[in-house]
Amino acid sequence: MTEAIKRILKVFADNNLFEEGVELIGSWCFQLYQKHLGAKSFPLRTQDIDFLIPSPFHGKEHLDFIKQLEELGFESDFKRDGSLYLWNADLKIEFITTEKSAGTDKAIKIKKLGINAIPLRHVGFLLDKPITIIDEGIKISVPTPERFCLHKLIIAARRRKIEKRMKDLQQAICTSTIVNTKEIQKLFQSLPKNWQKIALRMLEKAKLEVPLLREEIDKIEFTLQELK
């Protein structure tokens, strides 16, 4: 963990946000899986650090939360959809939340945090039964590897840029090496049928796009198809 990332996570932890339902997701979550849970190592570079905020958010008010992040050397700005993000020369902090209605493109206000978050499809799937990883003394809430893996497979299908799709597939497959077989089978079986089809289709695509991970692809594909 870089010192800058550590300071960001400490702000979240000091405000008890990880205990109030906020999760670290995306590539920095995956790096914690590699470092602490033994996920297959795969070099990934990212300037984004993404946080998933439940909507509605039932935690306490943290109205000086953004100010605390700005004091780390970040500037606040807004995207076209009205969502707030923070940035400096090296990093961008983004806030994501669950989409309330299909097709909405407007940011969702999280009043208790003083932010507007990006609404995305499928991310609510990540909020159930999170786990805690302790990194350098900081307790960080992240999705279970099983949910992270399946989520990455599903959203990979929505990517228009091949490099982003490959990144999702790489993270999904490398995370699959640490999932509990029974847990991921149970979770997969609970998904809508179209989500199941998407996940299996993306594993087939991954065989062509990330051939270096073929052994891991075959294993997770077999695990999921055992249910068919």
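**Rings and helices in a predicted model**

Both Phe 12 and Phe 51 are buried in this predicted model.

Visitor: What makes the pair of Phe 12 and Phe 51 stacked?

Guide: Their ring centres lie 3.8 Å apart and their planes are at 15°. Centres within 6.5 Å make a pair, and planes under 30 degrees apart count as stacked, so the pair is stacked.

Visitor: Where in the chain are the two residues of this pair?

Guide: Phe 12 is in helix H1 (residues 3-14) and Phe 51 in strand S2 (residues 48-53), 39 residues apart. Ring pairs also join Phe 12 and Phe 51 with Phe 18, Phe 65 and Phe 95 in a cluster.

Visitor: Why is the pair of Phe 125 and Trp 195 called edge-to-face?

Guide: The angle between their planes is 85°, with 6.2 Å from centre to centre. Planes over 60 degrees apart count as edge-to-face, so that term applies. Phe 125 and Trp 195 are both buried.

Visitor: What sits over the ring of Phe 125?

Guide: The charged end of Arg 147 does, 5.1 Å from the ring centre. The distance limit for a charge over a ring is 6 Å.

Visitor: Why are helices H5 and H7 called roughly perpendicular?

Guide: The axes of H5 (residues 162-175) and H7 (residues 193-209) cross at roughly 105° and come within 10 Å. Angles of 65 to 115 degrees count as roughly perpendicular, therefore H5 and H7 are described that way.

Visitor: Which residues meet between H5 and H7?

Guide: Among them are Leu 169 and Ile 173 in H5, and Met 202 and Leu 203 in H7. The contact residues comprise 7 nonpolar, no polar and 3 charged.

Technical notes
Residues numbered from 1 in each chain as written. Predicted model: local features only at pLDDT ≥ 70, side-chain atom pairs only at ≥ 80, totals over all residues. Heavy atoms only, no water. Axes fitted to C-alpha atoms, helices over the stretch in contact; angles between N-to-C directions. Helix = DSSP H or I, 4+ residues; strand = E, 2+ residues; numbered from the N terminus. Parallel < 35°, antiparallel > 145°, perpendicular 65-115°, else oblique. Contact = heavy atoms within 4.5 Å. Nonpolar A, V, L, I, M, F, W, Y, C, P; charged D, E, K, R; others polar. Phe/Tyr/Trp six-rings, centres within 6.5 Å; stacked < 30°, edge-to-face > 60°. Buried < 20%, exposed > 50% of the residue type's maximum accessible area, 1.4 Å probe, protein only. Lys NZ or Arg CZ within 6 Å of the ring centre and 35° of its normal.
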